[in-house]
Structure formats: structure tokens, C-alpha cells
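Hello,

Here is the structure I promised to pass on to you. Please open it next to this message, and then read on for what turned up in it.

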Amino acid sequence: MKQTLLTLLMLCSAVGVSAQYRPRPDAFPPVEEDFSTKSVSMATTVEEMADWDRYPTYETYLAMMSRWAETYPTLCHVDTIGTSVQDRLILSMYIEVQTDDDLYRPEFFYSSTIHGDEVTGYVMMLRLIDTLLSSYGSSPELTALVNSTRISINPLANPDGTYYRGNNTVQRARRANANGVDLNRNYPNPFAPAKAALAQENRAMMDYFESHNFRLSANLHGGAEVMNFPWDSYTSAQNPHPEATWWREVGRRFVDTVQSYAPTHFTDVQEADNGVVAGGDWYVITGGRQDYVNATYNCLEMTMEISVDKTLSSNRLPEYWHFLAPSFINYIKEIHNLPASVGIDPTQAPGYAAAGTLHIYPNPATDRVVVDGLVPGERLWMYDMQGRLTGCYPSGAESTEIDIKKCPQGVYLLRTEGRQVKLVVER
Ligand SMILES: [Zn+2]
């Protein structure tokens, strides 16, 4: 209500906080958005989404996902992550090029609108799906990205919240699911014994993570504009994330690119360093998805707050896409430069305890190298010292031989899911 907003603004000015800073998105009492100043147009057909300046009705959303799967059958398929309390579908578009080679492609995951009223990311992710699929084969940049990465995009994680007023509008959507559960406070706290019963939508999402091998992901929100990296459960003084430096760099690249198009965006969170903040330094929460995913799945996930308005006027969606899209695409690319210490936890890998150390000989080598001590069936990847993948070798036995005649002189890393060893190639 306006009165609430006014009270908050007065409080802010009373303590000398600059008026450009806004209350946190889950402020209580909630700061309701003023819909009298908004225009929220809905698309009731796929064709009406052509200019990306509307929100889709629920049926239009389903039709868009089906249309892409039919149009690009060799590039994508639709995964059903699960269903909501009211039996709406939680879907993800899985983009994966079908090829004969055995190249290792890391898995990336975007997910939006776990808070049903934070709908800007919903349309951004739909448009990202469309862009990746329709640019394949014509844009060298995006073709290379799809060729090297498996990309899953879940545009709508909380459909009951978004379509709270029915399938034909996203106006006055709500944050929680149909049972009133805030899904981003309902994940198990990885730092404490389990307490709350899991929401159906979150159980499905956890199963989806468990059945994949995501290495990098993001959870999109609205109500602020800030790159929020783990942990949410602690301030960075209490318990910094082991890759906090990397997170700050990734966040910096995202925001700098946004601000090269739109300089005033990502400036509204006071606690942030120009749009980048460790979650708990903004405000501590528990039960968020980010901490659970980081601690449980060996996957780096951050929370992207991408629009100050939770429900953006639909005619502004193209403007947001213009300044966010390059950063969304660059963030996917970050999966190819993950910090060395993350992505693989040797002690957690299947077969690790039984397998012991990898042996290679000769080392240094020139023509070929023998790798011993493999678990039959485990894969072996080879990287150069810039972290670029140079080969992938399935192993049918405990020992395999690799031809390295084409490898330039240098140091390489031979890596399985759990172990690694350095190889020197001499010329
Ligand atoms: Zn949110």
C-alpha cells in the first residue's frame, strides 16, 4: 500500500539512507507494487509473444515450450521437472546438440520465478530459450556456446504463485506457492538438521538436480537489482564462501556489462559493492535454494535479482532484455572457466575410494601415454593449462592408451570424475 511505502521512505530518510536504496524484496510488511501505474498485457497466443512485450498466459507458455520442441527437435526437448500443488507443470527446456562425438559438455541451469510475483525473469528466460535455439547455425558465438554446453532453462519454478489469480493473468501474483509456502525459504538448511516439510515444487526441483550434473546455475528473482552470491545463511565475516573472489569477479562482469548499456541499473542495494553482494551481507536467510545447491550438488549457484519492479510493466520487458541478455549469455560461458577447486570433489566421486591413484607412463611423453588405475566405464578428460578441454576418452578397462601426437608441447591435466594427474608433453 502507498501508506506503507511512504512510512518506509520516511524511515529511510530519518536514518539518512539515500532515497535511491530500496527496501529488501521480502520486507515485512510487504511493499505492494502500485498497479495503477503499470500496464500488464497478456499474450493469449504464441504469435502475440512475437515482440516480447507481453506476459504469456499459462496456456500460451505451454504452447511456446511445445512449439520450440517441435521446431528444433535435434536441439532441444522439454523436461518435466514436476508439478505444482495445483497440478501446473514445472518445465525446463533442455538444449543439447545431438552429435556423434564424445566431447564432455558441462551442464548449466537457469531457473526463474521461484517467487511467483517476480516475473521479469520468466519472460527473460523464455526469450533466452528462443534466442539460443533460433540463433543456432547463424550466430557463431551462440552456436559455439550450444556446441560446448548443455543448457537447461526453467522459466517458471512456481507457476501457482504466478497464476494465483488464474491462468490468464500475472497481475497480483503472489510470492508463495498455493499452500502459502515461500519456496526460497523451504530448502533444507545444509548447515543445520532438517526442519520444515519440503514443498512439492522443491522436492521435484531437488530430484531434477540429483538426476543431472549441473556445475553452474542461477536462480532469478525480482524486487531489487543485485548479483547475490553464497552464502545466504552467513555473513561473509562469519563464513565466506570458498570461492568468494571468483563470485565477485563473475558478478562484476555481469553488472559491468549491464551498466555498459544501462548505467543506472544494479545500483539500488546499499550493502552491495556496485551491484554485487555476498548474500548474508545483504540479509541473512536460511532455506534458500542457493545455499542448498552449492553445499549439496557440487554446483555453483547464485541468486540474480534482475529488476527492481517485481512485476515489470510488460512494455518495458524489451528494454530489460536489451541490457540483460549479453550478461545472461556471458554467465553461461563462465561454466568453462570454473575455479579449479570447485566442480569436482574427489572424495565424493563414484569409485574414488576403491580406485586409488591414477598412474600414467611414460611421463613426459611424446606419442602416446598409458593411463592405469581407471574404474572400467569411467570417463577421462584432458585439459590444457588454460583449462581448455582437448579430449575425452571413455575407458572400457582399468587401463587405456591415449594418442597425444597432435598435442602441442606443454603441461596437461588428465582428469576423471574424481581424480587427476599432470602429463607433460614434449616435442
Ligand atoms: Zn525473490
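Predicted model: local features only at pLDDT ≥ 70, side-chain atom pairs only at ≥ 80, totals over all residues.

Val370 has Glu401 in β15 as its bridge partner. Strand β12, residues 368-372, pairs with β15 in the antiparallel sense, over five bridges. As background, strands of a sheet pair through backbone hydrogen bonds, in either a parallel or an antiparallel way.

Now step back to the whole sheet. It is an open sheet of three strands in the order β11-β12-β15, and the pairing is antiparallel. Which strands stand at the edges? They are β11 (359-361) and β15 (399-403); each has a single partner strand, so one side of each is left without a neighbour in the sheet. On average, neighbouring strands here are turned by 20° against each other, if direction is ignored.

Two packed helices are described by the angle between their axes and the distance between the axes.

The crossing is right-handed. On the α7 side, the contact is made by Arg253, Phe254, Thr257, Val258 and Tyr261, while α10 brings in His322, Phe323, Leu324, Pro326, Ser327, Asn330 and Tyr331. Sorted by class, the residues of this contact are seven nonpolar, four polar and one charged.

The other pair is α3 (residues 120-135) with α10. Which residues of α3 meet α10? They are Thr120, Val123, Met124, Arg127 and Leu128, and they meet Leu317, Tyr320, Trp321, Leu324 and Phe328 in α10. The contact of α3 with α10 divides into eight nonpolar residues, one polar and one charged. Do look at Leu324 on your screen: this residue of α10 is listed in the contact with α3 and also in the contact with α7.

Finally, the overall picture. The protein has 11 helices and 17 strands. Of its 427 residues, 38% count as buried. Among contacts with a separation of 6 or more, 71% are between residues 24 or more positions apart.

Terms used
Residues numbered from 1 in each chain as written. Contact = placed C-beta atoms within 7 Å. Helix = DSSP H or I, 4+ residues; strand = E, 2+ residues; numbered from the N terminus. Nonpolar A, V, L, I, M, F, W, Y, C, P; charged D, E, K, R; others polar. Pairing = 2+ DSSP bridges. Axes fitted to C-alpha atoms, helices over the stretch in contact; angles between N-to-C directions. Left-handed = near helix turned anticlockwise from the far one by under 90°. Buried ≥ 20, exposed ≤ 12 C-beta atoms within 10 Å, placed from the backbone.
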